[in-house]
Amino acid sequence: MKKNFFFFIFFFLKISFVSAENNITYIDLNFILNNSIVGKSLKEHMLSINNQNLNELNKIEEILKKKESELISQKNIISKDDFEKKILNLSNEINDFNIKKKKINDQFNEIKIKNTKKVLEILNPIIKKYVEKNEISIVLPKKNIIVGRKNLDITNVIIQILDEEIKKIEFLK
């Protein structure tokens, strides 16, 4: 009986020591990407690319609309065969436009993913260094945390370190 008693005491003491050694924190990567200097410059860079793409696509779309309205106005003037040929040409141009639009959108998404990955590759060693320095066992993403004490959130500290170490990086275009 005494053996069992000592075993239980030893077991519970062991559990309390193990749980005391675990230091768990959480981090909000989206907040870092939106509010750090590098994250803000990434947002501005991607917004600039998106605006250029939209301007280019809007110009092409206006030209196509103008061609369509010209074709509609010529419907009763030109022969039926010519009208059908022009409709077919316009239809092909619209299809080409839609393909180009999809291609531009896919390229934009690819650039955004690569640039975000580049920022995260810079961020990862900073987080590792902080974790080692502060003897943190686990860093969880904030999106997976239901409830947590605010003092376990290391997001703002990591933003400060990132902003001090990296002011600007070159992004893909």
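**Entry 1: terms and model**

I first noted how residues are classed: Ala, Val, Leu, Ile, Met, Phe, Trp, Tyr, Cys and Pro count as nonpolar, Asp, Glu, Lys and Arg as charged, and the others, Gly among them, as polar. The model is predicted, and local features need pLDDT of at least 70, side-chain atom pairs count only at pLDDT 80 or more, and totals for chains, interfaces and linings use all residues. Residues are numbered from 1 along each chain as its sequence is written, and side-chain values use heavy atoms, with hydrogens and water left out.

**Entry 2: the whole chain**

I looked up the secondary structure and found five helices and two strands in the protein chain. Helices (H or I, at least four residues) and strands (E, at least two) are DSSP runs numbered from the N terminus. Along the sequence the pattern reads α-β-α-α-α-β-α.

Next I looked up burial. A residue is buried under 20% relative accessible area, exposed over 50% and partly exposed in between, using a 1.4 Å probe and protein chains only. Of the 173 residues in the chain, 24% count as buried.

Then I looked up contacts, meaning heavy atoms within 4.5 Å. Among contacts between residues at least 6 apart in sequence, 87% join residues at least 24 apart.

**Entry 3: the helices α3 and α4**

I checked helix lengths against the expected span, which is 1.5 Å times one less than the number of residues. α4 has 54 residues and should span 80 Å, and its end C-alpha atoms are 79 Å apart, so the two agree. α3 has 37 residues and reaches 53 Å from its first C-alpha to its last, close to the expected 54 Å.

I also listed the buried residues of α3, which include Val-38, His-45, Asn-53, Leu-64 and Leu-71. Among the elements that cover the buried residues of α3 are α2, α4 and α5.

In α4 I looked up Asn-115. Is Asn-115 buried or exposed? Asn-115 counts as buried because its relative accessibility is 0%. Leaving out residues up to four places away in sequence, Asn-115 touches Leu-42, His-45, Met-46, Phe-171 and Leu-172.

**Entry 4: the nonpolar cores**

A nonpolar core is a set of buried Ala, Val, Leu, Ile, Met, Phe, Trp, Tyr and Cys residues joined through side-chain atoms within 4.5 Å. In soluble globular proteins, nonpolar side chains tend to be buried together.

The largest core here has 12 residues, including Ile-27, Ile-126, Tyr-130, Ile-154 and Leu-162. Which element gives the largest share? I found that α4 does, with five residues.

Ile-126 touches Ile-161, Leu-162 and Glu-165, not counting residues up to four places away in sequence. I then noted a second, separate core of 10 residues, with Leu-33, Val-38, Leu-42 and Phe-171 among them.

**Entry 5: the largest pocket**

For pockets, a 1 Å grid is laid over the protein atoms alone and a 1.4 Å probe is used; a cavity is a set of points where the probe fits but cannot get out, while a pocket is an open set with protein on both sides within 12 Å along at least five of seven lines, and lining residues have an atom within 4 Å of a point. Grid points are joined across faces, edges and corners, and the volume is the space filled by probe spheres set on the points.

The largest pocket holds about 190 Å³ of space. Its lining includes Asn-30, Asn-34, Lys-43, Phe-108 and Thr-116. The elements that give two or more residues to the lining are α2 (29-35), α3 (37-73) and α4, and α3 gives the most, with six. By class, I read five nonpolar, five polar and two charged residues in the lining.

Asn-34 counts as partly exposed because its relative accessibility is 36%. Lys-40 and Lys-43 touch Asn-34, residues up to four places away in sequence not being counted.

Tyr-26 lies in strand β1 (residues 24-27) and counts as buried, at 6% relative accessibility. Tyr-26 and Lys-142 are 116 residues apart in sequence but 5.5 Å apart in space, C-alpha to C-alpha.

Where does Glu-135 lie? I found Glu-135 in the loop between α4 and β2 (138-141). Glu-135 is exposed, with a relative accessible area of 64%. Its phi is near 50 degrees, a positive value in a residue other than glycine.
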